[in-house]
Amino acid sequence: MYRSDNLYAEQTLLMASNEFLGYMSDRDMIDTLIKTDFKAMPDKPVWADGSGLSRYNLQSPANWVWLLRKMQDEFGIARLKGILPTGNTGTLNNFYKPLAGKLFAKTGTLSGVVALSGFMYANSGRLLFFSVQVNNHNTDAVKVRRLVEGYLLKLWQDN
């Protein structure tokens, strides 16, 4: 997750399909996951392929928070810390420098869409899960990412 690589994600979905279903099929693996592991998601996902954030894959922020909490329950917070970049590393390079070691998150960026989902330890030490999605913006994605950074820094400070 330190590097965002849609080809790798797509291949991982196909390998999971081969392992669990005995053959490679994005569609069948996605259908299986939605009916089993992800059946309790708060909102019904629109999921087309392994590339994550795309025009064909639609998830709500509530689904991302649900998934992060499920990952915490199944794998533990230490493993999540090892998977997700923290401030000023990976896809968060040059962002969230004051929150290095306190915020762990995954980015998603498309034309007109900026997303960030993860968790942070607030100033109080409280564990907060979050998902921010900004759609249909008409400015540079870096400007939007800086606004999201400001929002999350304030959230960290006030909690």
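Guide: In this predicted model, Arg27 and Asp31 are four residues apart in helix 2, which means that about one helical turn separates them.

Visitor: Are Arg27 and Asp31 to be called buried, exposed or partly exposed?

Guide: Buried means under 20% relative accessible area and exposed means over 50%, with partly exposed in between. Arg27 has 39% and Asp31 has 29%, so both are partly exposed.

Visitor: How many salt bridges does a search of the whole structure find?

Guide: The search finds four. Among them is the bridge between Lys70 and Glu74, whose closest N and O atoms are 2.7 Å apart. Lys70 and Glu74 are four residues apart in helix 3 (residues 61–75), and therefore about one helical turn separates them. Lys70, at 21% relative accessible area, is above the 20% limit for buried, so the term partly exposed applies.

Visitor: Let us return to helix 2. Which of its residues are buried, and how do you know that they line one face?

Guide: In helix 2 (residues 26–35), the buried residues are Asp26, Met29, Ile30 and Leu33. Seen down the helix axis, they fall within an arc of 100°, so they line one face of the helix.

Visitor: Against what do these buried residues pack?

Guide: They pack against helix 1 (6–21).

Visitor: Why is helix 1 called roughly perpendicular to helix 2?

Guide: The two helices pack at an angle of about 75°, and their axes are 9 Å apart. Angles of 65 to 115 degrees count as roughly perpendicular, so the description holds for helix 1 and helix 2. The contact is made by Glu10, Leu13, Leu14, Ala16, Ser17, Phe20 and Leu21 of helix 1 and by Asp26, Asp28, Met29, Ile30, Thr32 and Leu33 of helix 2. By class, this contact has eight nonpolar, two polar and three charged residues.

Visitor: What sets Asn88 and Asn94 apart as entries in a backbone review?

Guide: Asn88 has a positive phi of about 65° although it is not a glycine, and Asn94 likewise is not a glycine but has a positive phi of about 70°. Asn88 is found in the loop between helix 4 (77–83) and strand 1 (103–110), and Asn94 is also in the loop between helix 4 and strand 1. With relative accessible areas of 31% for Asn88 and 42% for Asn94, both values lie between 20% and 50%, so both residues are partly exposed.

Visitor: Why is Asn63 called buried, and which residues does it contact?

Guide: Asn63 lies in helix 3. Its relative accessible area is 1%, which is under 20%, so the residue is buried. Leaving aside neighbours within four places in sequence, Asn63 is in contact with Met41, Pro42, Asp43 and Pro45.

Visitor: What makes Met120 buried?

Guide: Met120, found in strand 2 (residues 113–121), has 0% relative accessibility and therefore counts as buried. Beyond its neighbours within four places in sequence, Met120 has contacts including Leu103, Leu128, Phe130, Leu152 and Trp156.

Key
Residues are numbered from 1 along each chain as its sequence is written. This is a predicted model: local features need pLDDT of at least 70, side-chain atom pairs count only at pLDDT 80 or more; totals for chains, interfaces and linings use all residues. Side-chain values use heavy atoms; hydrogens and water are left out. Buried means under 20% relative accessible area, exposed over 50%, partly exposed in between (1.4 Å probe, protein chains only). The arc is that of the directions from the helix axis to the C-beta atoms. Contact means heavy atoms within 4.5 Å. Axes are lines fitted to C-alpha atoms, for helices over the stretch in contact, and angles run from 0 to 180 degrees between N-to-C directions. Angles under 35 degrees count as roughly parallel, over 145 as roughly antiparallel, 65 to 115 as roughly perpendicular and the rest as oblique. Ala, Val, Leu, Ile, Met, Phe, Trp, Tyr, Cys and Pro count as nonpolar, Asp, Glu, Lys and Arg as charged, and the others, Gly among them, as polar. A salt bridge is a side-chain nitrogen of Lys or Arg within 4 Å of a carboxyl oxygen of Asp or Glu.
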